[in-house]
Amino acid sequence: MGARALRAAISAAPINAAILFVWGTPAFAQDPSASASGINPADTAWMIVATALVLMMTIPGLALFYSGMVRKKNVLATMAQSLTAVAIVSILWVTFGYSLSFVGDGPWLGSLDRWFLAGITMDSVNPAAKTIPEALFMLYQMTFAIITVALVAGSVADRMRFSAYVLFSIGWFVFAYVPLAHWVWGGGVLAQMGVLDFAGGLVVHLSAGISGLVAAKVMGNRHGYGSENLSPFDLSLAVMGTGLLWVGWFGFNGGSALAANSRAVMAITATHLAACAGALTWGAIEWATRRKPSVLGMISGAVAGLGTITPASGFVAPWHGIIIGIIAGLVCFWACTWLKHRFQYDDSLDVFGVHGIGGLTGTLLAGVFAASAIGGTAGLLEGNPNQLLIQLYGVVATLVWCGGVTFVLLKLVSAFVPLRVSMQQELEGLDISQHGEALQ
């Protein structure tokens, strides 16, 4: 009987082990802080994906998009600017950027309570995102700061000295981006007024666009602008970059819901439709006026639609995305052609024409189309014309602040290093003159 009982116990061991695994593993694997802090696993998983998508928008998305539209001799230098923005902004964000932007309730600036992420624990959350770990919220917002700094460089492509770009990027992040992010998203003065900016019409696109315009005017036009062929080196790179930006924008706008919920899905749907409408509208205008729809035009229209829907994406219905995308294609095409030629500024990669004008237009349209059933705020069409005035105030504040900071910073940087390369260096290309490398 003893031997038989022993054999029975041995044969039952795998079954007992499986039962222990099934019942024991979830309790062991579950973070005990999750229930205590309200951290939601589904929201956390979605926001990890969204964070990766937004980082992808800068590298490789924006790096490919921008480098495909410059000349061959400047491809590596253009990519280096995007890569450098990732490295610099990430360190500064952890050091003090996150804390000043999203911690504290001051009207103009946050606090330094999270200096070097002090106080962030496994179960801490930010009041703006109570269902995900605070460290994840910090990382997600970091990716927005990264791409905004990188966007500005497109206006002065082909001619800005790398050392000047580094100094300017640091200063612009500190004095332009961080305060504006707090004003709009961190509970600051514009948020208290009720300005709507779901994912960055003001904080990202208009701020980068107006800063790029000011930088282009201060630095002057490229050698040969208006008289020589400055056509893109490889539009196939730009098309691939557009695709990465387009997909990444799902994390950009959808992730701004800060949860895996229906609002995120509505924002993603409106975003995709706006991009489609923008691409088709820009292409149709070229087809009608120039007999041929260019690839450059269609990808520009797509990015214009994406940038324009951004501030409104979490406040409007999906079908509004189509209307906003059409408006984006029309207005941004006008800005990149007539307006640019009328005032003769050399915005190399049309940062102001696409992102600046798109961000401005989308911010105002958010005040028109905002649906209370989606974002909790009614716009002009639902009987709240005051929202449009609030949006206009946000636009003016962003233009004045970011434009002014950019002008002052460029003058300060020029006191230490020249802003642009020499004529000879510009002719030979920034890849060689600034980095000692070149495409063969």
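Q: Hi! Which side chain does Asp-350 meet in a salt bridge?
A: Asp-350 pairs with the side chain of Lys-340, at 3.0 Å from N to O. A salt bridge here is a side-chain nitrogen of Lys or Arg within 4 Å of a carboxyl oxygen of Asp or Glu. This is a predicted model, where local features need pLDDT of at least 70 and side-chain atom pairs count only at pLDDT 80 or more, while totals for chains, interfaces and linings use all residues. Residues are numbered from 1 along each chain as its sequence is written, and side-chain values use heavy atoms, with hydrogens and water left out.

Q: Okay, and where do Asp-350 and Lys-340 sit?
A: Asp-350 is in the loop between helix 12 and helix 13, and Lys-340 is in helix 12, 10 residues apart. Helices are DSSP runs (H or I, at least four residues), numbered from the N terminus.

Q: Is Lys-340 buried or exposed?
A: Lys-340 counts as buried, at 8% relative accessibility. Buried means under 20% relative accessible area, exposed over 50%, and partly exposed in between (1.4 Å probe, protein chains only).

Q: How many salt bridges are in the whole structure?
A: A search finds 8.

Q: What about Arg-222, which residue forms a salt bridge with it?
A: Asp-346 does, with the closest N and O atoms 2.9 Å apart. Asp-346 lies in the loop between helix 12 (318-343) and helix 13 (351-369), and Arg-222 in the loop between helix 8 and helix 9, 124 residues away. Arg-222 also meets Asp-158 in a salt bridge of 3.0 Å, N to O. Asp-158 is in the loop between helix 5 (134-152) and helix 6 (162-185), so this pair ties together parts 64 residues apart in sequence.

Q: Which residues are linked in that network of salt bridges?
A: Arg-71, Asp-158, Arg-159, Arg-222 and Asp-346.

Q: New topic: which residues touch the most other members in the largest nonpolar core?
A: Phe-65, Trp-93, Phe-173, Tyr-177 and Phe-252, out of 109 residues. A nonpolar core is a set of buried Ala, Val, Leu, Ile, Met, Phe, Trp, Tyr and Cys residues joined through side-chain atoms within 4.5 Å. There is also a second, separate core of 10 residues, including Ala-270 and Phe-369.

Q: Last one: where is Tyr-140, and what does Tyr-140 touch?
A: Tyr-140 is in helix 5 and is buried, with a relative accessible area of 0%. Leaving out residues up to four places away in sequence, its contacts (heavy atoms within 4.5 Å) include Met-47, Ala-50, Phe-252 and Leu-258. Ala-50 is 90 residues from Tyr-140 in sequence, yet 7.5 Å away in space, C-alpha to C-alpha.

Terms used. Helix = DSSP H or I, 4+ residues; strand = E, 2+ residues; numbered from the N terminus.
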